[in-house]
Structure formats: C-alpha cells, structure tokens
Amino acid sequence: MTPAARNLRLWGWAAPLGQAFFYAPVFFLYMNQYLRVEQVLQLEAAYYFAVVLCEVPSGYLSDRVGRILTLRLSSLFGVLAYALFFIGGGFTAFLFAQIALAMHFSFRSGTDVAWHYELLEQEGVGDELAVRESRLARAGFSLRAACALVGGALGSMSLGAPYALSFLTALVVAGLMIASRELPLSEGHRAGAFIEQLRRSLGRLSDPWLAWIFAYVVLQTTLEHIPYEFAQPYLAAVLGEAGIDIGNTPLATGVVVASVAAV
C-alpha cells in the first residue's frame, strides 16, 4: 500500500468523525446554566470573531508548512476545546474553550479538501475529487444526524455528557491525524510569501462567478447561524421550560438538528 493510499484510508475515517457534534443540541443551554443569556451571546460572538481572525493565517500555514501539521493542530485544538467545555464553568473558561473551538474549525477549513485532493492526485485519481467528497459529506451528515440524536438524549439527562462524547471522538480524530504522514511533494513546498498569496487570492474576485459565489457563501453562513444560535432558547420557550428545568429541550433540539443533517 502506498503512503497516499494509507493516508486516504485514515482520512476516510477522520473526515466523517470530524462531524460528530454530540454537543450541537446543548451548547447554548449548557453555557446558559452557568451564565446569563447576554454572556452566552458574547461568547458566541467571540467564537465567530476568532474564526475570522484565524481563517486566512491557518490557510497560509497549510500551504507553507504542510497539510498534516495543520490538520494535527486542528484536531488537538478540538480535544482542548471539548475538554475545556466539559470542565469549565465560568465566562473565562468558556471563552478559552470558544477560541480553541474556533481554531479547531479554522485550521481544518479548506485544508481538509486540499489534503484529500493531493492524496487523490498522488494516486492518479484527482478527477474523482467531487464524487469522493460527496461520499465523505454524506457520511459526515449521517453521523452528524445520529450524534445529534444521541447528544440530545444524553443532554436531557446531563448537559455535560455530550461534550464528554465529543472529547472522546476528538481524541480518535487526533490519533488518526498523528498516524497520517505528510506527502513528500505537497503544495506546502510551493507556497509563496504571505502578502503575495493574499494578493493572488483577492485577485480571484475579479472573476464574476467566483465573486458571486464568495458573496453568496458569506451571506449564507451569516444568515444560517443567526437562527442556529437562538434555536435552543426558542425551543425551551416553546416547550415552556426555563432555568434548570429543560429536560425535554435538548432532545427536541437534537431532533431538529438531526432532521436538517438528514435532509
């Protein structure tokens, strides 16, 4: 088995497992049991701000240093984030957890597809990227749906339990990334200076189609996260639950998240 084939096999497990968001049905409720609603929203704002700050530098790190190092860092930030969420209980602890979670997703974003493509290219099947990405996406959404149901059910008994499961899954993903090996000839060895890379990337916006897609994705990402943030307290209000009496809300939220992932 070639190194690229071995990496592909490992990535076939790591990619969908990275979508095992057991905590998705409880994240707002979990922090809200320790903090006021406005503090939870401040923490969510800090998360998105950190994502924006880390997105470009992490992409350059991926190009300059290597895909696997970047993905390893992403997986380790995930482990750290879920551990901090599980043991945390105050604003500062959750703030560090949110920043770690933002770095987890930022370091993975883009690098995952680039890594997958380079592995396929090494195996001489680079033209299969779209089909194989769709298969991984399907597996990821299926796992996300299942984890939402499990996380919601567990969250109805203990809001911290879904974070414990997310932590254990993140450990598995980190192990898979550590077991993977960087390709001998990767894009990381061909990246230019940071400013030049940034100029070239922005220059792509001169293409009307790419500019339209870019604007659409930014708008879509913004709009879809607004209801996502308020879904849990909204469902709690609909169900007539508040404070520590939210036994049914996590499961209800899990059903909603699972339904979206299934669609």
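The residues lining the largest cavity split into six nonpolar, six polar and no charged (nonpolar: Ala, Val, Leu, Ile, Met, Phe, Trp, Tyr, Cys and Pro; charged: Asp, Glu, Lys and Arg; polar: the others, Gly among them). This is a predicted model: local features need pLDDT of at least 70, side-chain atom pairs count only at pLDDT 80 or more, and totals for chains, interfaces and linings use all residues. Residues are numbered from 1 along each chain as its sequence is written, and side-chain values use heavy atoms, with hydrogens and water left out.

Select L17, G18, A20, F21, S75, G78, Y82, H104, S166, T169, A170 and V173 to see that lining. A cavity is a set of points on a 1 Å grid over the protein atoms alone where a 1.4 Å probe fits but cannot get out; lining residues have an atom within 4 Å of a point. The volume is about 100 Å³, meaning the space filled by probe spheres set on the points, joined across faces, edges and corners. Helix α8 (161–179) gives the largest share, four residues. Helices are DSSP runs (H or I, at least four residues), numbered from the N terminus.

Next, select W11, L71, S74, S75, H104, R108, V173 and M177. They line the second largest cavity. Here α4, α5 and α8 each give two or more residues. The space is about 40 Å³.

Move to α6, residues 111–122. Its buried residues (under 20% relative accessible area, 1.4 Å probe, protein chains only) include W115 and L119. G124 follows α6, with a positive phi near 75 degrees.

How values were computed. Expected span 1.5 Å × (residues − 1). Buried < 20%, exposed > 50% of the residue type's maximum accessible area, 1.4 Å probe, protein only. 1 Å grid on protein atoms, 1.4 Å probe; cavity = no way out; pocket = protein on both sides within 12 Å on 5 of 7 lines; lining within 4 Å.
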